[in-house]
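The tour goes to the aromatic rings, then to the backbone.

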Amino acid sequence: MWVMSESVSVRCPACRREHLYAAPSYPCTCGAPVAPPLDRHGTATAVTHRAWAEDWVTLQCGSCGRRDQWPRPELGCPCGTVLRIPVAGQTATAEVGTEVAPAPAKRRLPFQPVTIRTARDAVTAAAVYLRWLGYRDIRRADQRPPSGIGIAARGLLAQVDPTVRAASLRDVECLWLTAMTESAACVYFSLAGYATDARTRADALGMPLFVLDLTGTPQPVNSVAGELDAGALHRKERD
């Protein structure tokens, strides 16, 4: 279920245009929608550069108490300025009026995709998908990949390529080698697909490959990705 929070008034600091903004909610692994509480008295700021720590906010699900990182709310103004919306504290609750029962053991609720319009959206879509699979503590990867954007979770290294270039054999091998040095599994997400030799090599290495469609839904490219999506390799952290 995709729920929008209550709208707040936001003024662009560049053109002074007023906007009504409602932060989208994202599904917690328990199924309850979680949305950041917006600061009605705060001032929106222009995004001039990107930093992982500034793009994400830690929120607590009011239904199950789980704490996870979610995308910090942003709004694109028609003047071209990207606005970062102030958040009131770091705790969010399940949306009022929504009743969601905890997911039964070994059963996942349907994945709720994040529409991809920007490179940041592609990273968000991949991170939300990995969290849906059961990975937690998702963060920016320690080592920057030769191309794309690296994200990591406990025991996992992922690469997200938001460009229109098909991922190459070198991209796949570099991710695998980096994951090996960190004793982690790895997975690749690409918007434009993969070169034939890259897919062949990934199959030999047992690396899951996904293509992100513009709805933000990862589509398995090889059999190991299909198994991961189906839950055969589903990893759940023991709380």
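A search of the whole structure turns up 7 aromatic pairs. Rings of Phe, Tyr and Trp (its six-membered ring) pair if their centres lie within 6.5 Å; planes under 30 degrees apart are stacked, over 60 edge-to-face, and the rest tilted. This is a predicted model: local features need pLDDT of at least 70, side-chain atom pairs count only at pLDDT 80 or more, and totals for chains, interfaces and linings use all residues. Residues are numbered from 1 along each chain as its sequence is written, and side-chain values use heavy atoms, with hydrogens and water left out.

**Stop one: the rings**

Select Phe 111 and Tyr 129. Their rings sit edge-to-face, 5.4 Å centre to centre, with 90° between the planes. Phe 111 is in the loop between strand E9 (82–84) and helix H2 (119–133), Tyr 129 is in helix H2, and the two are 18 residues apart. Helices (H or I, at least four residues) and strands (E, at least two) are DSSP runs, numbered from the N terminus.

Phe 210 belongs to strand E14 (residues 209–212), so the pair ties together parts 81 residues apart in sequence.

Buried or exposed? Tyr 129 is buried, at 1% relative accessible area; Phe 210 is buried too, at 0%. Buried means under 20%, exposed over 50%, partly exposed in between (1.4 Å probe, protein chains only).

**Stop two: the backbone**

Go to Ser 183, in the loop between helix H3 (169–181) and strand E13 (185–190). Its phi is positive, near 50°. Ser 183 is exposed, at 70% relative accessibility.
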